Amino acid sequence: TITPPLYCDGTPGNDFVRTTAAIPHVGISYRRLRSVGWANYINNRLIVPDGKQNVLISDILDPDVYDIYWQSFRVGVGGNDFVVGVHPWVEGKVLVFCRKSIWLADIAQYPSPDGASFTTETGISNLTLLTDEIGCSARRSITTAGSFIYFLSDSGDYQLESRLDH
């Protein structure tokens, strides 16, 4: 007979716990945070790079669990471009600075029908290319001052400004 695997739930003094349905206890499409060189904490979520062109977004207030199907996006597919850094933007959006481009990711949060939890819809439909003419050459150069975001590109310093259209 096949028995479900055991895992440690992290509770002090607790031994191992048997999973249900023989899948990892966080879900079949979930993964745990692996070691990364950098990450940003934006809107109660941890946003981390996953390889050269992927970005993972954690569950709300749970920076250790990532759903690789619903809470991730991919930028710069097919080109020699890679993610340099992410930075918060207006209305819960996130700027994704790549080496040769800049993307805007809309990380919308909608309450579930029961009101107890939140779901996230991110993906290609919520990812917009702002420009592929410039990119960011240094992650630590991305900074906010007032309503502007400054960053360093290969051709010099740049600034982004958010404007509300009427």
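Predicted model: local features only at pLDDT ≥ 70, side-chain atom pairs only at ≥ 80, totals over all residues.
1. How many aromatic pairs does a search of the whole structure find? The total is three. Another of them worth a look is F151 with Y158: the ring centres lie 5.8 Å apart and the planes meet at 20°, so this pair is stacked.

2. Is F151 buried or exposed? F151 is buried, at a relative accessible area of 2%. Y158, by contrast, has 29% relative accessibility and is partly exposed. Both rings belong to one aromatic cluster, with F97 as a further member.

3. Now for the strands around these rings. β15, β16 and β17 make up an open sheet of three strands, in the order β15-β16-β17, with antiparallel pairing. At the edges are β15 (143–145) and β17, each of which pairs on one side only. On average, neighbouring strands of this sheet are turned by 35° against each other, direction ignored.

4. If you want a residue to start from, S153 stands opposite G156 in β17.

5. Which residues meet in a salt bridge? The side chains are those of D154 and R99, at 3.0 Å from N to O. That falls inside the 4 Å limit used for a salt bridge, and the count for the model comes to one. The link joins distant parts of the chain, the two residues being 55 apart. D154 sits in the loop between β16 (148–153) and β17 (156–161), while R99 sits in the loop between β10 (93–98) and β11 (102–106).

6. D154 has 59% relative accessibility and so counts as exposed. R99 has a relative accessible area of 26%, which makes this arginine partly exposed.

7. Please also glance at G37, in the loop between β3 (30–32) and β4 (40–42). With 73% relative accessibility, G37 counts as exposed. Its C-alpha atom is separated by 8.8 Å from that of V48, eleven residues apart along the chain.

8. Finally, some figures for the whole chain. How many helices and strands are there? The chain has zero helices and 17 strands. Of its 166 residues, 34% count as buried. The accessible surface comes to about 10,400 Å², and carbon and sulfur atoms account for 53% of that area. Among contacts between residues at least 6 apart in sequence, 40% join residues at least 24 apart.

Key:
Residues numbered from 1 in each chain as written. Heavy atoms only, no water. Helix = DSSP H or I, 4+ residues; strand = E, 2+ residues; numbered from the N terminus. Buried < 20%, exposed > 50% of the residue type's maximum accessible area, 1.4 Å probe, protein only. Pairing = 2+ DSSP bridges. Axes fitted to C-alpha atoms, helices over the stretch in contact; angles between N-to-C directions. Phe/Tyr/Trp six-rings, centres within 6.5 Å; stacked < 30°, edge-to-face > 60°. Contact = heavy atoms within 4.5 Å. Areas by Shrake-Rupley, 256 points an atom, 1.4 Å probe, with all protein chains shown as cover.
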